[in-house]
Amino acid sequence: MKTIHRVTRHTLAATALAATALGAQGASTLIYCSEGSPEGFDPARYTAGTTFDASSQAIFNRIVQFERGGTRIEPGLAERWTISPDGLVYTFNLRKGVKFHTTEWFKPTRELNADDVIFTLDRMINKDNAFRTAFPASFAYASDMGLDTNIVKLEKPDALTVRITLKTLDAAFLADLAMDFASIQSAEYADQLLKAGTGNDLNTKPVGTGPFVLKRYDKDAQIRYAAFPAYWAGKPAIDNLIFAITTDSAVRAQKLKAGECHVSAYPKPAEVESMKKDPRIKLLHQPGLNVGYLSLNVTHKPFDNRDVRQAINMAINKQSLMSAVYQGAGTVAVNPIPPTMWSYNKAVKDYEYNPEKAKALLAKAGFPNGFETKLWALPVQRPYNPNGQQTAELIQSDLAKIGIKAQIVKYEWAEYLKRGKAGESDIGMFGWNGDNGDPDNFLAVLLGCAAVGGSNYAQWCDPEFDSLITKAKQTADIAQRTKLYETAQEVVKRQAPWVPLAHSVMYQPMLQNVEGYKLSPFASVQFFGVRLK
């Protein structure tokens with residue numbers, strides 16, 4: 001793949017000026033100041049929003065999708081679907097004429113068909129899949145949500161029809177298929193890579209059917225895309241799209257104000273106030289479907305002791321975090337799911353902030369003088385936490401008051417996630433943006449037994465909790481699901497594998513000449529439908 005030189009402030013300014021000149025001639029370039037580098041471009045392998053923004057939103061498509069800016073499921077690569085009366089068989093009728101991207105590394109000879117959908121799903125759920133055998137990878141979402149055990153049959157009645165049979169009813173299944181990880185790959189491209197022995201190119205040289213085509217990527221610098229003229233939903237209004245990777249929030253804010261990017265990721269609360277006063281900037285916002293939290297790794301001593309976990313919950317002054325870090329742009333988290341989500345249990349009470357009681361619990365657990373541990377600080381700004389370092393310092397101070405000496409550690413974002421999934425963290429700072437509006441997307445993916453080794457960074461597997469969330473997925477009765485999820489939240493609070501910290505407000509700043517941008521409740525960035533005036 002081609003690479004480019006590292007982008008500087010001056011080259012970005014020149015790019016922005018060039019974009020203005022191009023606009024006068026009928027072409028347009030939109031620059032998005034993103035917060036970090038993607039882990040790769042194969043969305044099935046990852047769970048981070050930074051990665052999905054770079055891969056799925058621009059490059060791939062799914063068989064069903066969420067309405068842009070909303071949560072309603074609508075047709076995608078499948079123009080219609082039917083579900084059997086027992087809820088176990090899903091039949092998808094694919095669109096005719098959906099084209100794959102032509103790139104430097106792949107020249108498609110056919111349009112999308114059922115083989116592509118079956119390859120995409122089979123690779124995630126079937127350990128004997130030829131491509132997966134040759135090029136092993138883990139598929140956290142598929143396993144975390146139990147798709148690898150619940151999908152029992154993938155069939156192709158004809159070239160444009162896919163039939164999926166489940167073992168047990170899964171009330172969240174359709175919404176799961178609308179998520180980024182289920183973006184459809186080209187089976188023809190995979191066959192080409194398999195024969196050439198270059199399977200990792202699926203992750204570095206992607207091919208999709210989405211509105212933009214990847215042109216080049218320079219890690220930690222920028223990603224360049226071009227509009228796909230043959231996109232099935234119509235050619236994008238933007239001719240060129242650039243992700244200018246800018247990890248520092250203050251620098252992103254400066255670039256936006258200087259016109260060096262049109263849209264910017266995740267401002268800090270202090271920057272929001274300045275942006276509100278700038279007539280060149282418009283600021284979209286809405287309550288986030290998210291949670292920021294600390295995971296307490298129950299496989300590491302002394303966090304295998306519930307008294308220790310409860311003591312840490314009592315030691316952290318969440319109101320202080322709200323004032324210092326979120327500055328009015330968030331609310332204290334009590335449960336693992338946000339209060340805007342159905343089945344949120346309002347009756348659950350948070351642990352009180354009480355350092356003296358926390359000390360007593362530590363003494364009961366055998367640690368009257370505390371202990372030493374490591375506290376992982378979030379290395380990037382995310383919607384659920386605008387300042388990981390500041391949060392870590394405040395928590396470090398709170399823990400010191402009860403005798404816990406916490407050393408703050410940091411890793412590059414992709415390494416941070418990789419190590420976290422491997423169970424390396426003691427106290428880990430993580431968070432989650434909802435993917436599909438279903439409680440299962442939080443509770444099962446982050447705390448279920450099947451998610452240990454994936455997004456369950458606490459490595460917590462509780463039989464009572466797992467039974468509750470499993471039963472909730474296996475019924476379509478919303479009232480029954482709600483009761484089960486409410487009880488599951490009580491178990492989480494009692495066992496304390498987390499310290500829920502905050503639910504934040506989402507802010508999306510952009511220049512006034514950006515039109516058609518819609519905030520997604522899932523905190524994803526979507527540039528199809530956006531234009532520059």
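1. Helices (H or I, at least four residues) and strands (E, at least two) are DSSP runs, numbered from the N terminus. Counted that way, the protein chain has 20 helices and 20 strands. Before going further: this is a predicted model, where local features need pLDDT of at least 70 and side-chain atom pairs count only at pLDDT 80 or more, while totals for chains, interfaces and linings use all residues. Residues are numbered from 1 along each chain as its sequence is written, and side-chain values use heavy atoms, with hydrogens and water left out.

2. Now the overall build. The C-alpha trace of the protein chain spans about 70 × 55 × 45 Å along its principal axes. The radius of gyration (taken over C-alpha atoms) can be set against a globule rule, 2.2 Å times the number of residues to the power 0.38. For 533 residues, a compact globule would come out near 24 Å, and the protein chain has 23 Å, so the two agree.

3. How much of the protein chain is buried? Of its 533 residues, 60% count as buried; that word means under 20% relative accessible area, with exposed over 50% and partly exposed in between (1.4 Å probe, protein chains only). The accessible surface is about 20100 Å², and carbon and sulfur atoms hold 51% of it. Those areas come from the Shrake-Rupley method with a 1.4 Å probe, and for residues only the protein chains shown count as cover.

4. Next, contacts, meaning heavy atoms within 4.5 Å. Take the contacts in the protein chain with a separation of 6 or more: 71% of them join residues 24 or more positions apart.

5. On to the rings. Rings of Phe, Tyr and Trp (its six-membered ring) pair if their centres lie within 6.5 Å; planes under 30 degrees apart count as stacked, over 60 as edge-to-face and the rest as tilted. The structure holds 28 aromatic pairs. In one of them, F243 and F527 have ring centres 6.1 Å apart and planes at 75 degrees, so the pair is edge-to-face. F243 sits in strand 10 (residues 240-245) and F527 in the loop between strand 19 (514-515) and strand 20 (531-532), so the pair ties together parts 284 residues apart in sequence. F243 is buried at 3% relative accessible area, and F527 is buried at 5%.

6. W376 and Y411 also make an edge-to-face pair, at 5.2 Å centre to centre with 65 degrees between the planes. Here strand 15 (residues 371-376) supplies W376, while Y411 lies in the loop between strand 16 (404-409) and helix 17 (413-421), so the parts tied together are 35 residues apart in sequence. W376 is buried, with a relative accessible area of 2%, whereas Y411 is partly exposed at 26%. Both belong to one aromatic cluster, along with Y293, W413, Y416, F430, Y457 and W498.

7. Where is A496? Look in the loop between helix 20 (478-495) and strand 18 (498-511). A496 is buried, at 1% relative accessibility. Leaving aside neighbours within four places in sequence, A496 is in contact with L296, R309, Q310, N313 and Y351. The C-alpha atoms of A496 and S295 are 9.2 Å apart, although 201 residues separate them along the chain.

8. Last, have a look at helix 18 (residues 440-447), where eight of the eight residues are buried. Its buried residues pack against helix 6 (140-144), strand 13 (290-296), strand 17 (427-433), helix 19 (463-473), helix 20 and strand 18.
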